[in-house]
Amino acid sequence: MPLPRGGAGGRAGRRRAGGGGVSLSGVEKVAPDGAGPVGEPEVTSTERKAFVGRSPGQLAWARLRRDRTAMVSGGVLVLMMVLALAAPLISKLYGVGPNEQFQELLDGNGMPLGYVGGITGDHWFGLEPRLGRDIFIRMVYGMRTSLFIAFAAALVTTTIGVVAGIVAGFLGGIVDTVISWITDVALALPFLIFALAVVPTVALRFYGPREEVPAWFQVTVLIGIFAAFGWTSTARLVRGQVISLREREFVEAARASGAGLGHMLFRQLLPNLWAPILVAFSLAVPQYITGEAALSFLGIGILEPTADFGRMIFQSIPYLQTDPAYVFFPGITIFALVLAFNLFGDALRDALDPKSSR
């Protein structure tokens with residue numbers, strides 16, 4: 001008696017015709033060890049590791065490493081930072097202090113003896129006219145001063161800007177209005193005129209006109225001046241980012257779970273803002289380096305005898321024709337430092353947000 005259509009015999013025949021790779025429901029058979037479908041090549045453990053996902057930070061670091069400009073500028077920055085941090089050690093190995101004078105190596109007019117500003121094996125970049133101080137060791141200590149002020153000011157301004165921007169963007173209403181009004185007032189104040197008026201006034205408030213102002217006080221005043229004006233751009237950037245994030249699903253979920261204000265601001269929103277904050281910080285440092293040098297050039301920043309790029313360039317102007325090495329070495333160093341920071345900041349922005357370069 002023939003089997004009914006679709007019975008056991010028919011099913012067996014269809015299984016034999018299908019090659020053993022398809023079941024009744026059309027789903028592929030899988031090998032017992034879960035390596036893959038029957039009849040396909042087995043995926044090895046090495047191939048599985050190749051498909052492991054990477055975090056956004058790892059992706060940004062990979063893009064940054066492929067950027068030659070970022071690597072070169074980053075190497076220059078690392079070298080200059082090492083020189084600045086190791087300034088006392090370099091001075092000890094070099095055998096010359098930053099304020100040590102070599103009057104015996106100057107002629108009757110106060111100019112360095114020899115060629116190109118007195119460059120020798122003992123004084124790599126020559127000597128300062130009139131005072132006879134070593135230019136190389138003064139530059140190392142001047143780099144230390146500039147980098148310390150720039151990093152400290154960038155850290156303070158970024159912190160103030162992030163807090164103000166995240167609070168204004170999340171709370172909105174009257175809080176956003178007040179913070180935005182303060183930001184507009186700070187942006188309307190002319191930085192240079194304000195600095196020219198405030199820095200000498202603050203110094204005279206604590207020290208007499210004939211008293212020597214300590215270096216730490218000058219550094220503190222400069223950081224305070226930069227902090228009073230530099231936080232505005234970061235605050236506006238963070239505020240705009242928070243406004244676009246506060247309506248996202250994860251923020252609504254945190255609100256529904258009863259999270260407090262501090263948790264919402266610094267545990268939910270802040271981790272999503274690190275990319276623009278890092279870019280803003282990296283681009284703020286070169287601005288403060290040039291700003292500090294400009295104020296010192298005008299005589300209201302770092303004063304003698306503390307080593308500083310701005311003061312060195314100011315003192316070298318009268319000797320531009322007779323001793324061009326005096327202005328060349330400090331000028332080219334601060335140019336290379338600022339350029340390296342700007343190039344690295346642009347590369348960091350492209351690595352953190354690859355769509356920005358398209």
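Colleague: Let's start with F329: buried or exposed?
Modeller: F329 counts as buried, with 15% relative accessibility. The cut-offs are under 20% relative accessible area for buried, over 50% for exposed and partly exposed in between, using a 1.4 Å probe and protein chains only.

Colleague: And what am I looking at, in terms of ground rules?
Modeller: This is a predicted model, where local features need pLDDT of at least 70 and side-chain atom pairs count only at pLDDT 80 or more, while totals for chains, interfaces and linings use all residues. Residues are numbered from 1 along each chain as its sequence is written, and side-chain values use heavy atoms, with hydrogens and water left out.

Colleague: OK, rings next. How many aromatic pairs are there?
Modeller: The count is 17 aromatic pairs. Rings of Phe, Tyr and Trp (its six-membered ring) pair if their centres lie within 6.5 Å; planes under 30 degrees apart are stacked, over 60 edge-to-face, and the rest tilted. F125 and F329 make a stacked one, with 4.2 Å centre to centre and 0 degrees between the planes.

Colleague: Which parts does that pair tie together?
Modeller: F125 sits in the loop between α5 (87–94) and α6 (135–171) and F329 in helix α14 (residues 324–352), so the pair links parts 204 residues apart in sequence. Helices here are DSSP runs of H or I with at least four residues, strands are E runs of at least two, and both are numbered from the N terminus.

Colleague: How accessible is F125?
Modeller: F125 is partly exposed, at 23% relative accessibility. Y94, W124, F125, F136, F328 and F329 form one aromatic cluster.

Colleague: Switching to backbone: what's going on at P305?
Modeller: A cis peptide bond joins E304 to P305, with omega about 5 degrees. P305 is in the loop between α12 (274–297) and α13 (309–316). Most peptide bonds are trans, and most residues other than glycine have a negative phi.

Colleague: Which residues have a positive phi without being glycine?
Modeller: Among them are V116, with phi near 50 degrees, and R130, at about 75 degrees. V116 is in the loop between α5 and α6, and R130 lies in the loop between α5 and α6 too. V116 is exposed at 57% relative accessible area; R130 is exposed at 51%.

Colleague: Last one: what does UniProt say about residues 178–203?
Modeller: The unreviewed UniProt entry lists residues 178–203 as one of its transmembrane regions, though annotations may be inferred rather than shown by experiment. In the model, that span is 92% helix and 0% strand, with its end C-alpha atoms 31 Å apart.
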